[in-house]
Amino acid sequence: MKTKLLLIKILIFSIMIFTIGNTKIFAQQDKRKIRIAKIEVYPSFLNEYITALAEHAETAVKVESGVLALEAVYDKKQPELVTVFEVYASEEAYQIHLKTPHFLKYKSGTLKMVKSLELIEVSPIALEIKPELIENKSYGGKEK
């Protein structure tokens, strides 16, 4: 029950905060692929995993036009629980992403670090973000 409540809170927070643009659209009209990845990392690999994920997300958003957002957070009470909010321009953009060198490096390099992975397909309700959040982001599990 605690995990479901945490997931709901993260989902609501993610949908409200993590995406690009100020467009409100209905799910039926949206071609974007949007999902949440729930990841449990082995505690002994946590710092190494955070570094790899941050590097991967930054590269993917910079070099792939079809990757609109990759936002990762971890649970402060259980830092080995990582949630990634993913927004791709389309299913095709997502399929292209899976074949990129930076994704393959991240995936193969973190396989031993991940205890479990759950991918949850979601539909948007409202995806809004203030430009200040994009400009003030931090990586590597460090808060500003």
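Which residue in S4 does Ile-36 stand opposite? Ile-36 stands opposite Ile-120. The points below place that pairing in the chain.

1. **Basis.** This is a predicted model, in which local features need pLDDT of at least 70, side-chain atom pairs count only at pLDDT 80 or more, and totals for chains, interfaces and linings use all residues. Residues are numbered from 1 along each chain as its sequence is written, and side-chain values use heavy atoms, with hydrogens and water left out.

2. **Overall layout.** The protein chain has five helices and four strands. Helices (H or I, at least four residues) and strands (E, at least two) are DSSP runs, numbered from the N terminus. Along the sequence the pattern reads α-β-α-β-β-α-α-β-α. Of the 144 residues in the protein chain, 33% are buried. Buried means under 20% relative accessible area, exposed means over 50%, and partly exposed lies in between (1.4 Å probe, protein chains only). Contact means heavy atoms within 4.5 Å. Of the contacts with a separation of 6 or more, 78% come from residues 24 or more positions apart.

3. **Strand S1.** Seven of the nine residues in S1 are buried, which leaves the strand mostly covered. S1 has strand partners, where two strands pair if DSSP finds at least two bridges between them. Eight bridges join S1 to strand S3 (residues 81-88), and the two run antiparallel. Seven bridges join S1 to S4, again antiparallel. Ile-36 illustrates both pairings. Its opposite residue in S3 is Phe-85, and in S4 it is Ile-120.

4. **Lys-33.** This lysine is found in strand S1. Lys-33 is buried, with a relative accessible area of 12%. Its side chain has a polar contact of 3.0 Å with the side chain of Glu-91. A polar contact is a pair of N or O atoms within 3.5 Å; within protein, one must be able to donate a hydrogen and the other to accept it, and residues adjacent in sequence count only if both atoms are side-chain atoms. Lys-33 also lies over the face of Tyr-94, at 4.8 Å from the ring centre. For that, NZ of Lys or CZ of Arg must be within 6 Å of the ring centre and within 35 degrees of the ring normal. Leaving aside neighbours within four places in sequence, the contacts of Lys-33 include Val-87, Tyr-88 and Ser-90.

5. **Arg-35.** Arg-35 is found in strand S1 (residues 33-41). Arg-35 counts as buried because its relative accessibility is 7%. The side chain of Arg-35 makes a polar contact of 2.8 Å with the side chain of Tyr-94. Not counting residues up to four places away in sequence, Arg-35 touches several others, among them Val-84, Phe-85, Leu-119 and Ile-120.

6. **Aromatic pairs.** A search of the whole structure finds three aromatic pairs. The rings of Tyr-49 and Tyr-106 have centres 6.1 Å apart and planes at 55°, so this pair is tilted. Rings of Phe, Tyr and Trp (its six-membered ring) pair if their centres lie within 6.5 Å; planes under 30 degrees apart count as stacked, over 60 as edge-to-face and the rest as tilted. The pair links distant parts of the chain: Tyr-49 is in helix H2 (residues 46-63) and Tyr-106 in helix H4 (residues 101-110), 57 residues apart. Both Tyr-49 and Tyr-106 are buried. Phe-103 and Tyr-106 form another tilted pair, 6.2 Å centre to centre with 50° between the planes. Those two both lie in H4, three residues apart, about one turn of the helix. Tyr-49, Phe-103 and Tyr-106 form one aromatic cluster.

7. **Helix H4.** Which residues of H4 are buried? They are His-102, Phe-103, Tyr-106 and Thr-110. They cover an arc of only 100° around the axis, so they sit on the same side of H4. The arc is that of the directions from the helix axis to the C-beta atoms. On the other side of H4, Pro-101, Lys-105 and Ser-108 are exposed. The cover over the buried residues includes S1, H2, helix H3 (91-97) and strand S4 (114-121).

8. **Ala-72.** Ala-72 is found in strand S2 (residues 67-74). Its relative accessible area is 41%, so Ala-72 is partly exposed. Ala-72 and Val-84 are 12 residues apart in sequence and 4.2 Å apart in space, C-alpha to C-alpha. Not counting residues up to four places away in sequence, Ala-72 touches Leu-53, Thr-83 and Val-84.
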